[in-house]
Amino acid sequence: MTAVDLGMPGLPTAPRGVGHLRGDEPFPDAARTALRNGQQRANLGHATTTIRNKRARVVAELPDWAQLREAGRALKAATMARLDDHLEELERQVTAHGGTVHWARDANEANEIVTRLVQATGATEVVKVKSMATQEIGLNEALEAAGLDVFETDLAELIVQLGEDKPSHILVPAIHKNRAEIREIFARTIPGVDPGLTDDPRQLAMAARAHLRERFLRARVAVSGANFGVAETGTLCVVESEGNGRMCLTLPDTLITVMGIEKVVPTWRDLEVFLQLLPRSSTGERMNPYTSTWAGVTPGDGPQEFHLVLLDNGRTAVLADEVGREALHCIRCSACLNVCPVYERTGGHAYGSVYPGPIGAILSPQLTGVEDNASLPYASSLCGACYDVCPVAIDIPKILVHLRGEHVEAQTRLTPEAAAFRALSAAMSRPWLWHLTQRASRLGRLLARGKPTLPRVLPPPASGWTRSRDLPTPPTSTFVESWTREHGR
Ligand code: SF4
């Protein structure tokens, strides 16, 4: 990919996304397994409740939060409308400041570019700042397959890596682990760790710190993601809470940043909005502990070689969908995960993709194509809590319904659900048939005689519907009958 080729209607699009965007089994099956893990449910319930309450407190402090949120939404919408111009400006500015820009159509191209760049330095290992984009493309696996050692330096990401696990949350990848489980992982995997290590948070943090310090000091190459890329100045921006990112971004000789193309913002001033929205929505903090910005290369200060890999991997296809493209506005704060009743119970692994929760349910199916992730748009109760907390006002429920519609339209045979809705549509468009249907449904009460509800499971072909729902007993009267009784007409 050597030029910006955006998938607007009528224009060719780049390939759909590949990498860690889909799981081995559909969401309902993976969720059923996750729900059986009582310890994980307890860990998730505790962690999401804590972050959720913290966010609510700090958001309530700002009297102009609604205006700030609207500014974030408007900035993102305007940026997407001219994404090609902003990306080309970013490329010009990064190059002018001594950096090199690479364009990657998909995960495979991005992995090849990064591997080649690391090998060209002669280094045999890299340190990494936590990055969703590199998880999406499976960069660690690609580098390891090329014989390179990769060290995650974010504490939670390190726990996941040492435990040979997968991240379960965008911001807190080890949210499903408690202190005792983390102690066990450290005791088992960190070379030379104190055998008397306890599950005291300070002790655990110090053990990780000692382990990582050594890696920071000898690293010659670092790989990062980017929260924002400023087109007008060529500045990249990474926000983090532990200082590990600052070490990776300043100590090594070579820095390689992999950034999704949707992370560009037009001007430096735009950061003013997003750097207020992001910390309050993500960690519930008033400002971010470490905000690192850099543009290209500065002689004698920090990495002397800088490469920016601009990643498509399905994003231009998302941009081509006028409803679904709002998913590209996401600033990865994870607020929608922390309020989602589905995520809170299943955790992130059930979604199969590196993007879990409500944002994953709309982003992953669009990156891969809906049919390759067809169960995710249904992983929601459509309660709307995700939309209420989203700092850039992404209407997640609307996109979920839109994607469900796409999935239904893509079916070539008549499913039981489609047949049921066709029958319902026929009945509802003829008043006499609708009244008859309502009366007939009351036969169900006869079946339920002497029982509080009907049998909970319907026989095939309707059994799929009652697999995750209770079948309600029909009411004694219809709405029209109740209204007439109450109001006399
Ligand atoms: S969709 Fe909104 S709430 Fe969810 S992670 Fe993205 S920005 Fe945050």
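1. Throughout this note a residue is called buried when its relative accessible area is under 20%, exposed when it is over 50%, and partly exposed in between, with a 1.4 Å probe and protein chains only. By that definition I137, at 3% relative accessibility, counts as buried. The structure is a predicted model, in which local features need pLDDT of at least 70 and side-chain atom pairs count only at pLDDT 80 or more, while totals for chains, interfaces and linings use all residues. Residues are numbered from 1 along each chain as its sequence is written, and side-chain values use heavy atoms, with hydrogens and water left out.

2. On the overall architecture, the protein has 23 helices and 10 strands, where helices (H or I, at least four residues) and strands (E, at least two) are DSSP runs numbered from the N terminus. The radius of gyration is 25 Å, close to the 23 Å that the globule rule gives for 489 residues, so the protein is as compact as a globular protein of that length; the radius is taken over C-alpha atoms, and the rule is 2.2 Å times the number of residues to the power 0.38. Along the principal axes, the C-alpha atoms fill a box of roughly 85 × 60 × 45 Å. Buried residues make up 50% of the 489 residues.

3. The division into domains deserves a comment, since the bounds come from an automatic or database domain assignment. Domain 1 is made up of 3-17 + 83-316, and domain 2 covers 416-487. The centres of domain 1 and domain 2, taken over C-alpha atoms, are separated by 53 Å. Of the contacts in the protein with a separation of 6 or more, 75% are accounted for by residues 24 or more positions apart, a contact being heavy atoms within 4.5 Å.

4. I137 lies in helix α6, residues 132-137. Not counting residues up to four places away in sequence, I137 touches A107, A110, N111, V258, L311 and N313. A350, by comparison, is 213 residues from I137 in sequence and 19 Å from I137 in space, C-alpha to C-alpha.

5. V101 is found in strand β1, residues 100-104, and counts as buried at 13% relative accessibility. With residues up to four places away in sequence not counted, V101 touches E91, V94, T95, L308 and L310. V101 and T49 are 52 residues apart in sequence, and their C-alpha atoms are 41 Å apart in space.

6. R315, in helix α13 (residues 315-319), is a charged residue that counts as buried at 3% relative accessibility. Leaving aside neighbours within four places in sequence, R315 is in contact with E136, G260, I261, E262, L328, R332, Y355 and L367. One of these contacts, R332, also belongs to the surroundings of the ligand.

7. The ligand is surrounded by C330, I331, R332, C333, S334, C336, I359, C390, P391, I394 and I396, a residue being near a molecule if one of its heavy atoms lies within 4 Å of it. By class, this shell has 9 nonpolar, 1 polar and 1 charged residues; Ala, Val, Leu, Ile, Met, Phe, Trp, Tyr, Cys and Pro count as nonpolar, Asp, Glu, Lys and Arg as charged, and the others, Gly among them, as polar.

8. A search of the whole structure finds 20 salt bridges, each defined as a side-chain nitrogen of Lys or Arg within 4 Å of a carboxyl oxygen of Asp or Glu. In one of them the side chains of D29 and R32 meet at 3.4 Å, N to O. Both residues lie in helix α1 (residues 27-35), 3 residues apart, about one turn of the helix. D29 is partly exposed, with a relative accessible area of 30%, and R32 is likewise partly exposed at 35%.

9. In another salt bridge, the closest N and O atoms of R286 and E61 are 2.6 Å apart. This pair links distant parts of the chain, 225 residues apart, with R286 in the loop between α12 (270-282) and β9 (290-295) and E61 in the loop between α2 (38-60) and α3 (65-81). R286 is exposed, with a relative accessible area of 53%, whereas E61 is partly exposed at 36%.

10. R215 and E214 form a salt bridge in which the closest N and O atoms are 4.0 Å apart. Salt bridges that share partners join E125, E214, R215 and R218 into one network. Within the pair, R215 is buried, with a relative accessible area of 10%, whereas E214 is partly exposed at 46%.
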